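I opened the model to look up two things.

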Amino acid sequence: MAESRIASRVAVGLGLLAAAAFAAWALGAYAGARWGWTAFAMLLLVSLLLHVRQLLMLGRWLERGESVDGRLSGVWDELHAVLHRSRRQSAQREAELADQVGRWRAAARALPDGVVILDGERIAWCNDTACMHFGIDPAQDAGRPVTQLVRMPEFSAYLEAGDYAKPISLRQPDQPERTLSVQVVAYGEGQSLVLSRDVTRFEKLETMRREFVANVSHELRTPLTVVSGFLETLGDEEDPEARRRYLGLMGEQSNRMLRLVEDLLTLSSLESSPPPPMEDAIDMRALLDRLGAEARALSGGRHRIEVEAGADASLLGSEKELSSAFGNLVSNAVRYTPAGGAVRLYWQPTEEGAAFAVEDTGIGIEPEHIPRLTERFYRVDRGRSRETGGTGLGLAIAKHALSRHGAQLEVSSQPGKGTRFSARFSGPRLRPGLSRI
Ligand code: ADP
């Protein structure tokens, strides 16, 4: 379309030139050939000057954007229109492309994983997560070799080897607690993406899982070995007294396994079920009385057991879970307090609500063990725990059950003097005054 309009303008120009040549020829025939040629040359010169003027105007418009409105004519006007159109179209395409690039970058920026675009080994771009993972400053570090910023020999070796089929695990020297899984994906010519993911939590979970399986296997193997040993000897044993003794020992070991499996099932149900509904109000005074009676039975008269229910409040939740949590604290207090000591159970008012506490005058716990007490199978003294029938899961169960009721387990202890475990309750699970109902 534009081409045909330019061609028609050229045709008009050529027509005018032909008319001028004819007029000059007519003048030459009338007034002599010299006058004819002179007039023709003049006409050509004027037309040439006009074209040069318009060419200069168009050039200035292209170079500096000077306005040419209404000052161009003929083929130059047409050329100006065509160029103007194509300029507008390419500006529009550029804006669309910039918009698309912007959207891709925004999407890559929002990714929870780190993304670094490498040109060869140089950083071309990175998202915020990658900047955080590798300590890159996008304003200063663009264009720098990635190995200058990610200063880890494993990473440099991985880049050099060029085998990116599997990710590698990295730990930055300045952030040793964080583990990153890093993988390179090559694309285009000499370009690649470095993808990074924070796998710290996953690694911790994996370690916990491995330790848990090893612990459970170990805990079960010991009593099983004892039982199977006795079973073998029992076959050849004819003395009824010895047989009774063996059976008694086997019974002890199977009880130990049973307690362990029951504790594991309790823990698993606490972890996998939703928090207990807030329908049933637990009568804390009655619960404390029951716990006191259990403590007396376990102590067998070796300790002084005191119960003090001073708070006039009850709890909304699962009585089974709370009595298992409190029961574990009470049984620990009895088991880790030498004969002659005292165990006190409290249900006390606090500023923000009420607290359950168990205090003993027992062996106490060294401060370095306190942060790890609620880990599964963590024991300060493995032998003593086993001797007294512990599974190593009591405090883990207590912690879970309490947190499901909005409370946290707090421990304070003085080695050789005694320990206090407490759980503070507040908020919607605490009902003031209901225990009197
Ligand atoms: P266990 O079945 O071994 O008692 P728990 O999870 O109940 O397991 O307790 C973990 C460890 O915490 C115990 O092995 C013990 O070393 C220590 N512990 C718990 N309660 C007390 C306490 N009242 N006094 C001293 N040590 C305690």
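I looked up Asn 332 first: an N or O atom in its side chain is 2.8 Å from an oxygen atom of the ligand. I count a pair of N or O atoms within 3.5 Å as a polar contact; within protein, one must be able to donate a hydrogen and the other to accept it, and residues adjacent in sequence count only if both atoms are side-chain atoms.

The model is predicted, so I note its limits: local features need pLDDT of at least 70, side-chain atom pairs count only at pLDDT 80 or more, and totals for chains, interfaces and linings use all residues. Residues are numbered from 1 along each chain as its sequence is written, and side-chain values use heavy atoms, with hydrogens and water left out.

I then checked Ser 385, where a side-chain N or O atom is 2.5 Å from an oxygen atom of the ligand. At Leu 395 a polar backbone atom is 2.9 Å from a ligand oxygen. Taken alone, the ligand exposes 530 Å², and the protein buries 98% of that (Shrake-Rupley method with a 1.4 Å probe).

How many residues surround the ligand? I found 22, and Tyr 336 and Gly 392 are among the closest. By class, the shell has 10 nonpolar, 8 polar and 4 charged residues; Asp, Glu, Lys and Arg count as charged, Ala, Val, Leu, Ile, Met, Phe, Trp, Tyr, Cys and Pro as nonpolar, and the others, Gly among them, as polar. Helix H11 gives the most to this shell, with 3 residues. I take helices (H or I, at least four residues) and strands (E, at least two) as DSSP runs, numbered from the N terminus.

Next I turned to the strands, which pair if DSSP finds at least two bridges between them. An open sheet of 3 antiparallel strands has the order S6-S8-S13. S6 (281–282) and S13 (430–432) are its edge strands, each pairing on one side only. S8 (313–316) and S13 share 3 bridges, and Ser 314 stands opposite Arg 431.

Last, I looked at S1 (114–119) and S2 (122–126), which run antiparallel with 4 bridges. Val 116 stands opposite Cys 126. Their hairpin has 2 residues between the strands, and Gly 120 takes a positive phi near 65°.

Conventions. Near = heavy atom within 4 Å.
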